[in-house]
Amino acid sequence: MKVWEILLRIMISILIGGIIGYERENKNRPAGFRTHILVCLGATVISMIQTFDMEYVAAMIKANNELAPAVKSDIGRLGAQVVSGIGFLGAGTIIHEKGSVKGLTTAASIWIVGCIGLAVGRGYYYLSILSAINVVIVLVSLKKLEEKFRARLNSVQFQIDYKDEAKVAHNLDDYFKQKNIKIKNIEFLDEDEKDQYISSLYTVVIPRCMNKEIIIEELTRKEEVIKIDIV
């Protein structure tokens, strides 16, 4: 393999890893720009080492045919170790926090970057570039579609009756942030002068793993909250 081709593969791996890593960095994810570059570059280097080993073994056999039965070269051995070894990096980006799991997409992006790096190291340029383009499309474009789909499935309306408006608004905001519940809209209903309480309609998006009844139970424990109903 010539020097210019080695340099080309290294530069392509840095470019691909940087593009995908920048998208993750922009979303403030645990593994970002430099991490993806290093993973892709490392996989490329391992893949090129495997290629050099194959060329070296072929040269030995060509120089001395008697070595053919004794010398073996496993084409996929090092690549398989890279794919499985990236798992510990992916596991490090996955965070379990208060009933929700975060970082799965970043873990998957690290894994696919490693796979693309192997392809770059082998010189499969079309495969590498087309794969990288599609990864970026999935991460950027399909994010909006995923959010719409998730919002449609997990959008819930709570009618909350309470007394102290300022205190409740602050406490509810903190609670929803802690539980990773997104507030889509707040509608203030008419105040009940007879019972002297205020009603608000909260439209929220809850994670799939959370139970609506548990949310109601936890919120009703707050002193200032009188009643909660699902609309």
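## Burial and confidence

A residue is called buried when its relative accessible area is under 20%, exposed when that area is over 50%, and partly exposed in between, as computed with a 1.4 Å probe on protein chains only. Ala108, for instance, is partly exposed because its relative accessible area is 43%, and of the 231 residues of the protein, 33% count as buried.

This is a predicted model, in which local features need a pLDDT of at least 70 and side-chain atom pairs count only at pLDDT 80 or more, while totals for chains, interfaces and linings use all residues. Residues are numbered from 1 along each chain as its sequence is written, and side-chain values use heavy atoms, with hydrogens and water left out. The pLDDT is the predictor's confidence in each residue, on a scale from 0 to 100; the protein averages 77, and 81% of the residues score at least 70. Where pLDDT is low, the predicted coordinates should not be read in detail.

## Overall layout

Helices (H or I, at least four residues) and strands (E, at least two) are DSSP runs, numbered from the N terminus. The protein has eight helices and six strands, and along the sequence they follow the pattern α-α-α-α-β-β-α-α-β-α-β-β-α-β. If contact is taken to mean heavy atoms within 4.5 Å, then, among contacts between residues at least 6 apart in sequence, 70% join residues at least 24 apart.

## Helices H1 and H2

The expected span of a helix is 1.5 Å times one less than its number of residues. H1, with 24 residues, reaches 34 Å from its first C-alpha to its last, close to the expected 34 Å, and H2, with 31 residues, reaches 45 Å, close to the expected 45 Å.

The buried residues of H1 include Arg9, Ile12, Glu23 and Arg24, while those of H2 include His36, Cys40, Met48 and Val57. The buried residues of H2 pack against helix H1 (3-26), helix H3 (77-85), helix H4 (87-93) and H5.

## How H2 meets H5

Two packed helices are described by the angle between their axes and the distance between the axes. Here the axes are lines fitted to C-alpha atoms over the stretch in contact, and angles run from 0 to 180 degrees between N-to-C directions. Helix H2 (residues 33-63) and helix H5 (residues 104-122) pack at an angle of about 35°, with their axes 7 Å apart. The residues of this contact divide into eight nonpolar, 11 polar and one charged, where Ala, Val, Leu, Ile, Met, Phe, Trp, Tyr, Cys and Pro count as nonpolar, Asp, Glu, Lys and Arg as charged, and the others, Gly among them, as polar.

Gly121 in helix H5 is buried, because its relative accessibility is 0%. Leaving aside its neighbours within four places in sequence, Gly121 is in contact with Arg9, Thr44, Ser47, Met48 and Thr51. Gly121 and Thr51 are 70 residues apart in sequence, and their C-alpha atoms are 8.1 Å apart in space.

Ser200 lies in strand E5 (residues 198-205) and counts as buried, because its relative accessible area is 0%. Leaving aside neighbours within four places in sequence, Ser200 is in contact with Phe158, Gln159, Ile160, Tyr162, Glu187, Phe188 and Leu189.
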